[in-house]
Structure formats: C-alpha cells, structure tokens
2 protein chains.
Amino acid sequence: MASAAYTDAIMLFGDSLTQAWTDGSLSQRMAEYYSRRCDIVNRGFGGYNSDWAIPVFEQVFATREAREKGYAQNVKLITIWLGANDATIPGEPQCVPLDRYKSNLVKLIKLIKEPSSAYYSPDTKIVLINAPPIIENDWVKARVEKWESFGSTGPKPEQNRDKRVTKSYAEAAIEIAKEQQVPIVDIWTAIVDVAGGEGDDQLAPYFYDGLHLTSEGYAVLFKALSALIIDRYPELDPEQIPMRMPHWADVDLGNPREAFNKVKQGRLAGEL
Amino acid sequence: MASAAYTDAIMLFGDSLTQAWTDGSLSQRMAEYYSRRCDIVNRGFGGYNSDWAIPVFEQVFATREAREKGYAQNVKLITIWLGANDATIPGEPQCVPLDRYKSNLVKLIKLIKEPSSAYYSPDTKIVLINAPPIIENDWVKARVEKWESFGSTGPKPEQNRDKRVTKSYAEAAIEIAKEQQVPIVDIWTAIVDVAGGEGDDQLAPYFYDGLHLTSEGYAVLFKALSALIIDRYPELDPEQIPMRMPHWADVDLGNPREAFNKVKQGRLAGEL
C-alpha cells in the first residue's frame, strides 16, 4: 500500500480468540490504543490450529519482495496466538500433537526471522500468546446447547478438551518463546493469577463459554500485552508513534494544505 | 497490498465521530459485522472539517494508478462523514461556510467518481453521513470542564456551536447526496426520531458531551447504515461476501494445504 499514506500495521494472527471484534475484544482494545497511529489488521481464523496457520500465514503476510518494493503493509508487530485448538484431545480433528505444535510455532517464527525466508521481515516484532485456561464443564455445556439450537441433528457433542492438556500446550509455548528469544504473554498464568486460582468458579468471569474470553478476560490480556510492548518494544508504545496528520488546532489556517503535504512527503518516499 | 491475500476494505473517512474505536463505536460495530469478510480502515481525524478533508483524502485514498497496478487496498465502500466541525459558528477556526461545505462534499465525491480524477475508483461505493444533532449546553459544559482539567489556562472556552446551524449543514448534506445521486444516512433525523424530538433531555442518551455519540447513538447509525448497505449495495451485505479461508470444519484433514491454496489462486491473480 505504498500508494496511500499510512501503511504501518499491527497484525493479530491466530484462531477465534484473535478473530473476535466484539466490545472489549483484543482487536477493539488494540485499535483504540493505537487509534490514529497504527492500523490493526485482524487475521484470526476461528477453529484453526498451528498446522493450518502456516499455509494461512503464507497468504496473509506479505513476502519480503513485496514489502521491499513498497507494495505491502508494513507490519510493525505481529501477535501469534495459537494452541487452544491444537490442544483438543487426540482423535479430534483440530488436535495437533504437542511436539508438532512446538515445531509449528518455531516454523512461524522462522518464516519472519530467517533471512532465507520468503517472508523475512526483520522489522516485524513478534509476540507469542499462549492458550488461556478452560472451564471444561462450561465448554461441553455450550457445545450441547449449540447442537440443540440447530435441532439436535447428528451425534450429540462430547467433551473435546481437557484443562491439563491445554495447560501443557500453554507451557510448551513458553518453552518455545524462551528457546527462540521471542517475548510471550503468558495469558494462562495471567488469568489464573487475577482469578485467584484454576477453579471453575474462579475462572468463570473471564470466559463466556468455558473457552472464549469475555471482555474481562481480554482486559487481562490487553494489560499484559500493552505492558510487554512498552517494556520490550518501547518504540511501539503508541505515545512514541507520531499521530497521523497534525492535531486540528495545529493546522495553519492561512495555508492548511502545507501541513498535510509535509506528512505526505515525509512518509511516502517510495510512493508511486 | 496485492502481495498478501485479502485487500478488500471499507474505509470510514471523516472527523472525530469516525475516529472513535471505543466499545460500540461505528468502527467497532462495522469491524464485527464484516469480521473475516472485509477489513475496516479507519481514517477519521478529530476536529477536521471538509476543507482539510480534501488534502487528507488525497493521501489516504489510493490513486487509480496504484490500485490498477495492484499496489493498494481495494476500497469497496467509503463512508464520508463530515459537517459537524464545518458547522462551528463563524469566526471559529473549524468553521467552513455552508456553500463551501457543499462544494467540498461534491469535490470529494468527484475525486472518486470522475474518470478524470487521479483517485477515480468506479468500484468504490460511497455513503454520505450528515452531522448529528448537538446538545448545546452539554457541549459548552464539556469544553469548560476540559479547560479546567488542564489548569484553566488561557481564555475560558465559550460556546462554539449552534444546533440550528448544525441542522442547516445536515440538511445541506442531504441536498448534495440527492444532487450527486449518492446515498446518505440522515443520522440527524434518525436520532431525533428515535429520541422522540430535538429536546436536550430527549437527545441526552445519544451523546456523552453534547457532540460525540455514545454507544446508543452509534447503534442508531449502525442500524441505518447496515440497512442502507443491504438495500443499495446488496453485494456488500456481509452475508454475500465469502468468508476468508474455509470454515475449519471444511478443511480436508488429509490434504489441508489444498483448501488454503485454492483461496490463494482465486484471489491473487495479480500477485507478485
């Protein structure tokens, strides 16, 4: 998009936890936080696991060639939030074995960080996010209610998740983050800490169906993510990013176009 | 962005009423409505009037050349929502006389619709939105409170808006929409209708400072805008737009990459 000003973007990449654009979702909170400073690009795909995320990434993330030619958004930061679906129990269609989940995360990181990758983007900062806890009873209840709302056709859904399994994926992501030297938001621990424990009643305010976050759950994530950004990538603190276009009160009323043209020349050197 | 899948976007263009990414704002509602179907690009600039909007538009909207070469987002729809600041009373820095406001709206429309324009984009559908009503007392109160919160330095703010003046701008936008055959969301009338009148108490739930909309105010706008889109541009009804990437349950587990590659080939003929 070198053809129009403002190509800087933050890409939120992942599954349904990322896909949400509801009130208080990660996307809404990030878009408000970066308002008039950076676009938020949501590339969340509900139900997807880390196996499927790789071919999807190769489509939604610009190649090095495209970016260097100025044909693509400039992704300053990407959040990679996968694991919740990988952690479905063996035999479930979304299940990805733990070792492959780990190697998939490494592949995704290397697609961005390895100079030999077609998607090499050294200026894209990476933040991993691990799987949050689940409330097993609420999740199976929500599945059955959905099945009933569609006329109870087909086999009645059974439990397809296990909190201990999910926890092992959450811990694996932390391991990979350390190994690959990529910062991670440990949302599993952040929610358990604020909830005061892993009990169903303790976790209840943070999940609306035992798996997906409420606004309160996303608030915990946003607090941790924004703190991590300011700590690890201070140049991406929104207060450090110039506001797009001057404040209206700074426009020279005698020659308003001047203010806007300066921005144009400053930011679009590679423009058509 | 021909370099990465999914370049279709809806651009929300205007002033602070557009800029908001808060819970329940126009942007949040549109992003949720078009989730996984079309990106919402917010190009709202608080305090801006229609004079300043023209040079800004020329930066944020891609040229025909860039778009045809595949270097730019494909803006399927643009909302142009200006007038609230133009309608500040004469002598105020944001004031744009009514006749120039009207000719500026025409200029913006022609920048998109005229084949001779560098920004010609025949596939970009346009929706105008007019200025909503204001609550004069609440607005001046909010200005004074803001001034006090910054230590009461400089001259105490006075009233800079007049509901009857704003109404004349709202009516002028309707006139221009008819003349230019562009659909308009008459948010002035929509809010007055749902409020049951133009009285301060009647309008109160829809404005948090007498000028800017609450979530309830944006709900009225979103209802009218989504109905207008379905009526006038049915191809932009989100239910008519294919979901990005297949539903996870439709992925062929034996050959998952196939599903994603099909999307790639289908959508990115002009890719690098």
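Author: Rings of Phe, Tyr and Trp count as a pair if their centres lie within 6.5 Å. In this predicted model, such ring pairs link A:Phe13, A:Phe57, A:Phe61 and A:Tyr119 into a cluster.

Reader: How many aromatic pairs does a search of the whole structure find?

Author: The search gives 19 aromatic pairs over all chains. Let us take one from chain B, formed by B:Phe13 and B:Phe57.

Reader: Why is the pair of B:Phe13 and B:Phe57 called edge-to-face?

Author: Two values decide it. The ring centres are 5.7 Å apart, and the limit for a pair is 6.5 Å. The planes stand at 80°, and an angle over 60 degrees counts as edge-to-face. The pair is therefore edge-to-face.

Reader: What makes this pair a tie between parts apart in sequence?

Author: Look at where each partner sits. B:Phe13 belongs to strand S1 (residues 8-14) of chain B, while B:Phe57 belongs to helix H3 (residues 50-60) of chain B, so the pair ties together parts that are 44 residues apart in sequence.

Reader: How do you know whether B:Phe13 and B:Phe57 are buried or exposed?

Author: Buried means under 20% relative accessible area. B:Phe13 has 1% and B:Phe57 has 0%, so B:Phe13 is buried and B:Phe57 is buried too.

Reader: Why is the pair of B:Phe45 and B:Tyr48 called tilted?

Author: Here the ring centres are again 5.7 Å apart, but the planes are at 40°. Stacked needs under 30 degrees and edge-to-face needs over 60, so what is left is tilted. That is why this pair is tilted. B:Phe45 and B:Tyr48 are both buried.

Reader: On to the backbone. What makes phi of A:Arg36 worth a look?

Author: Most residues other than glycine have a negative phi. For A:Arg36 phi is near 65°, a positive value. A:Arg36 lies in the loop between helix H2 (26-33) and strand S2 (39-44) of chain A. With a relative accessible area of 10%, A:Arg36 is buried.

Reader: B:Ser152 also has a positive phi, near 55°. Why is B:Ser152 called partly exposed?

Author: Its relative accessibility is 33%. Buried would need under 20% and exposed over 50%, so B:Ser152 is partly exposed. B:Ser152 lies in the loop between helix H6 (136-149) and H7 of chain B.

Reader: How do you describe the packing of H5(B) and H7(B)?

Author: Two packed helices are described by the angle between their axes and the distance between the axes. For H5 (residues 98-113) and H7 (residues 163-180) of chain B, the axes come within 10 Å and cross at roughly 35°. The crossing is right-handed. Among the contact residues are B:Leu105 and B:Ile109 of H5(B), and B:Ala172 and B:Ile176 of H7(B). By class, the contact holds 9 nonpolar, 2 polar and 5 charged residues.

Reader: Finally, how do you know what relates chain A to chain B?

Author: A rotation of 180° with 0.0 Å of shift along its axis superposes chain A on chain B, with an RMSD of 0.0 Å. That is the relation of a two-fold axis. The same surface serves both copies, since 100% of the contact residues of chain A recur in chain B.

How values were computed
Residues numbered from 1 in each chain as written. Chains lettered and ligands numbered in written order. Predicted model: local features only at pLDDT ≥ 70, side-chain atom pairs only at ≥ 80, totals over all residues. Heavy atoms only, no water. Least-squares fit on C-alpha atoms with pLDDT ≥ 70 in both. Contact = heavy atoms within 4.5 Å. Axes fitted to C-alpha atoms, helices over the stretch in contact; angles between N-to-C directions. Helix = DSSP H or I, 4+ residues; strand = E, 2+ residues; numbered from the N terminus. Left-handed = near helix turned anticlockwise from the far one by under 90°. Nonpolar A, V, L, I, M, F, W, Y, C, P; charged D, E, K, R; others polar. Phe/Tyr/Trp six-rings, centres within 6.5 Å; stacked < 30°, edge-to-face > 60°. Buried < 20%, exposed > 50% of the residue type's maximum accessible area, 1.4 Å probe, protein only.
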